[in-house]
Amino acid sequence: MHKKLKEEDIAICECKYDPCNPESACGESCLNALTNTECTPGYCRCDQHCMNQKFQKCEYAKTKLFKTEGRGWGLQADQNIKAGEFIIEYCGEVISSDVAKRRSHAYEAQGLKDAYIISLNSNYFIDATKKGSIARFINHSCEPNCETRKWTVLGETRVGIFAKIDIAVGTELAYDYNFEWYGGVTVRCLCGAANCSLFLGAKSQGFQDYYHVWEDGDERYTVENIPLYDSAEDEPFPKPASTEVPVKDESLVNDPAAGQKSLASDVKLEQDVTGKSVATDNNKEMEFGLEESGQVFPQTNAMISRIRSNSTCRNYNIGPSPSSKKRPQHTVNQKSKTSSKKYVSSKPVAELFASKQAQEEIRRYEELKNKAVSELNLLYDEIRPAIEEHERDSQDSVSTSVAEKWIQATCSKWKAEFDFSFSIIKNVMCPSNAAAQERLNPSSVDDAHNEIKYLMN
Ligand SMILES: C[S@@+](CC[C@H](N)C(=O)[O-])C[C@H]1O[C@@H](n2cnc3c(N)ncnc32)[C@H](O)[C@@H]1O
């Protein structure tokens with residue numbers, strides 16, 4: 001069954017076809033193509049000249065079947081193929097992960113030697129065992145000349161085989177099955193590459209239980225399951241009355257396996273006594289969006305990780321995300337620990353500047369930053385249902401309008417954070433009032449530098 005694409009979800013590019021320059025039609029630089037999305041007929045200004053509808057028009061490279069030695073049938077290039085070129089779509093029956101798992105076991109029990117199941121997204125698989133395109137005959141190599149890529153075509157995710165390098169006519173096509181092998185029993189790899197990993201799917205998790213199918217009542221995103229930054233080991237640091245900035249935990253920064261930080265959904269912004277927005281409870285770190293400084297938290301909200309990963313699109317979120325395997329290390333139950341977080345206040349930083357003008361400027365930028373953060377939080381709550389809906393539809397992306405809103409709010413937050421930090425640096429480096437600067441107590445200058453260093457981190 002095909003999903004019906006809603007009009008508001010149709011991504012429309014900027015390309016305009018110029019008859020004097022056929023290259024002007026949607027090609028590699030088309031905004032849609034850059035995000036692995038095909039143009040929608042009737043909505044693309046290049047009309048029949050659009051070159052970004054290759055899946056829809058079955059614009060495949062010429063290939064032919066041949067018999068390999070020891071690896072059954074294989075597919076070879078029947079023309080020279082350029083790096084990056086679309087070769088063929090991997091077609092087959094689209095089935096749920098449960099069905100895929102069952103079928104895979106059944107095929108194995110029936111003694112089928114060849115496996116043809118690949119993952120489509122976190123909930124669905126493509127089974128080309130009984131029905132499929134000739135892409136099903138492409139063998140594995142540990143030194144592949146092809147790769148799979150996921151494209152969004154009329155709102156649906158589809159898998160294509162693309163050339164990784166220039167491929168000469170007559171060369172066997174092969175991609176790396178390693179991370180996505182659902183072939184059950186261990187199969188000895190005969191690819192012959194120098195770096196051969198010896199078995200097909202040596203790095204694959206296969207059908208392991210961390211495949212997650214969204215269901216109502218799913219507890220995956222409840223607050224209890226959202227891990228928190230654990231700063232229990234941090235040294236105590238005086239906590240100011242209002243705005244606080246958590247200090248980066250180097251151990252997390254250096255541990256890529258720690259996953260991404262949890263997102264704004266669980267941040268509640270409340271007014272403190274001065275009327276200023278403050279993050280409540282355990283997630284104060286979110287108010288200061290540390291992800292851009294590279295700080296990561298032990299578990300992610302999978303829905304938003306998708307929004308993030310969609311900006312790269314290529315092969316994003318095929319099957320389970322690596323982070324989904326990890327159990328949260330810290331949860332809200334560790335509330336008491338979070339209260340010992342080390343904070344640096346930006347208010348005292350502002351006060352260290354002798355110039356009133358500098359103080360006001362820093363506070364103003366801080367307010368703008370807080371506003372941008374709180375707008376992003378509100379937006380997250382607003383778009384959450386849309387993201388969840390897409391999760392249930394097993395789409396790897398949310399609608400363009402939602403994504404655009406999210407990107408805009410995120411950029412505003414980043415800009416506000418940049419302006420805030422920049423205003424501190426600028427006032428340190430180029431004090432507008434030299435006389436006032438001289439009155440600055442030297443030890444305060446050191447304090448200011450230390451705190452600014454923390455802030456910038
Ligand atoms: C998607 S099918 C590829 C087409 C298959 N050769 C055929 O004849 O139908 C995957 C199967 O091909 C075989 N195969 C693919 N690559 C291989 C390799 N590098 N070494 C050994 N067997 C391979 C395995 O039996 C695997 O289950």
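**Close-up views of a predicted protein model**

Among contacts in the protein between residues at least 6 apart in sequence, 74% join residues at least 24 apart; two residues are in contact if their C-beta atoms, placed from the backbone, lie within 7 Å. This is a predicted model, in which local features need pLDDT of at least 70 and side-chain atom pairs count only at pLDDT 80 or more, while totals for chains, interfaces and linings use all residues. Residues are numbered from 1 along each chain as its sequence is written.

View 1. Helices (H or I, at least four residues) and strands (E, at least two) are DSSP runs, numbered from the N terminus. Of the 457 residues, 38% count as buried. A residue is buried if 20 or more other C-beta atoms lie within 10 Å of its own, exposed if 12 or fewer, and partly exposed in between, with C-beta atoms placed from the backbone.

**View 2. Here are the 18 residues around the ligand.** Those that come nearest are G72, W73, D114, N139 and H140. Strand 2 (73–77) and strand 7 (139–140) are the elements that give two or more residues to this shell. A residue counts as near when its C-beta atom, placed from the backbone, lies within 6 Å of the molecule. The shell divides into 9 nonpolar, 5 polar and 4 charged residues.

**View 3. Helix 2 covers residues 97–109.** At 1.5 Å a residue, its 13 residues should span 18 Å, which agrees with the 18 Å between its end C-alpha atoms; the expected span is 1.5 Å times one less than the number of residues. Which residues of helix 2 are buried? They are S97, A100, S104 and Y107. These residues lie on the same side of helix 2 because they cover an arc of only 85° around the axis. On the other side, H105, A106 and A109 are exposed. Strand 4 (92–96), strand 5 (117–119) and strand 6 (124–132) are among the elements that cover the buried residues. After helix 2 comes G111, with a positive phi near 85°.

**View 4. Residues 355–382 are listed by UniProt, in an unreviewed entry, as "coiled-coil region".** Such annotations may be inferred rather than shown by experiment. In the model this stretch is 96% helix and 0% strand, and its end C-alpha atoms are 41 Å apart.

**View 5. W414 sits in helix 9 (residues 400–429).** W414 is partly exposed, with 16 other C-beta atoms within 10 Å. The C-alpha atoms of W414 and V373 are 8.9 Å apart, although 41 residues separate them along the chain.

Notes. Ala, Val, Leu, Ile, Met, Phe, Trp, Tyr, Cys and Pro count as nonpolar, Asp, Glu, Lys and Arg as charged, and the others, Gly among them, as polar. The arc is that of the directions from the helix axis to the C-beta atoms.
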